[in-house]
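Thanks for coming. I will go through one structure this morning, from the whole chain down to a few side chains. Please look at it on the screen first.

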Amino acid sequence: NDGFSRMTQGETAGTLNGILKRLRQSDYAVRRGNLLRIGEGADFWSKEHNTVMYDPGCPWKSDANCSTPDYPTAGTGGVYALSLQFMQSVETVLETYGGPEEEWIDTFGVPRDAAQLKQPTFNTVSYDPERSKLLGTDKAVRFVMQGFSGDLFKGYGLVLDVLKNEMNNILTAVHFELRLMYGVYVALQLLGFYFLLFRRTISSSYTYTETSREFVQMLPSHILSRGELELFRGHFCETKDDF
């Protein structure tokens, strides 16, 4: 509350407290699961996520210096340690500058009509240099402000990239399995159709062959010469033994 905010102290503190609670819930849901419609958290299936989140170091930085100005050890334990320090700093800011907790009002995401938005929150705005100095002198406030463009922002961005890559790999695998299953289905249909058509064709051929043989047997062969008889019988017999 440096004098330029369009929210009262209670609204600012209440909104910040509500956002902090939602951040904790989202962080726990992504890591551990069983919350916010997430069944299994990334801790149980993503090795790369765990490396970025928990292992010592700061892979989101280009250099090997993982220390932060205000909390030197916060950036050396992965994104998880950095996020814990950020949440603790927000709680410190709320306890120090938030005012009475009973006056906190969480207005984040609350819809407002156009007429209410046009009404000025303050009749006059006066700049308080002493309050503005807190942004640079209080280390908890400074750490929170730096988190939106510094290590925490980059660390969460790296975690997000890891989860996106995992999602792309899962979708690629699912797409391949669906294509493979469809290919197997089409192959089975073609083989089944071919097998059925082939068997029916062979069966029909045998049936017509037997019918033709019976027809030949009923011919008045006694009036045919020996050569004509052999010609008829040879057409339907496979060997001479069948004559």
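Of the contacts in the protein with a separation of 6 or more, 59% are between residues 24 or more positions apart; contact here means heavy atoms within 4.5 Å. This is a predicted model, in which local features need pLDDT of at least 70 and side-chain atom pairs count only at pLDDT 80 or more, while totals for chains, interfaces and linings use all residues. Residues are numbered from 1 along each chain as its sequence is written, and side-chain values use heavy atoms, with hydrogens and water left out.

On confidence, pLDDT is the predictor's own score for each residue, from 0 to 100. The mean for the protein is 83, and 86% of the residues reach 70 or more. Helix α4 (residues 114-118) has the lowest confidence, at a mean of 68, and α2 has the highest, at 93. Where pLDDT is low, the predicted coordinates should not be read in detail.

The secondary structure comes to eight helices and zero strands. Those are DSSP runs numbered from the N terminus: helices are H or I with at least four residues, strands are E with at least two.

Next, burial. Buried means under 20% relative accessible area, exposed means over 50%, and partly exposed is in between, with a 1.4 Å probe and protein chains only. Of the 243 residues in the protein, 24% are buried.

Which residues have the most contacts inside the largest nonpolar core? They are Val79, Leu82, Phe86 and Val90, in a core of 24 residues. A nonpolar core is a set of buried Ala, Val, Leu, Ile, Met, Phe, Trp, Tyr and Cys residues joined through side-chain atoms within 4.5 Å. At least two residues of this core come from each of α1 (9-32), α2, α3, α6 and α7. The most come from α3, which gives seven. Take Leu82: setting aside neighbours within four places in sequence, its contacts include Trp60, Thr68, Phe143 and Leu152.

Rings of Phe, Tyr and Trp (its six-membered ring) pair if their centres lie within 6.5 Å; planes under 30 degrees apart count as stacked, over 60 as edge-to-face, and the rest as tilted. Tyr71 and Phe143 are edge-to-face, because their planes stand at 85°, with the ring centres 5.1 Å apart. This pair links distant parts of the chain, 72 residues apart: Tyr71 is in the loop between α2 (47-54) and α3 (78-97), and Phe143 is in helix α6 (residues 139-147). Tyr71 is buried at 15% relative accessibility, and Phe143 is buried at 8%.

Tyr194 and Phe198 form a stacked pair, 6.0 Å centre to centre with 20° between the planes. They are four residues apart in helix α7 (residues 151-217), so about one helical turn separates them. Tyr194 counts as exposed at 54% relative accessibility, whereas Phe198, at 41%, is partly exposed.

Back to the loop between α2 and α3, where Thr73 also sits. Is Thr73 buried or exposed? Its relative accessible area is 64%, so Thr73 is exposed.

Last, the cysteines. A disulfide is a pair of cysteine sulfur atoms within 2.5 Å, and the count by this rule is one. The disulfide joins Cys58 to Cys66, S to S 2.0 Å. The link is left-handed, with -80° about the S-S bond. Cys58 and Cys66 are both buried.
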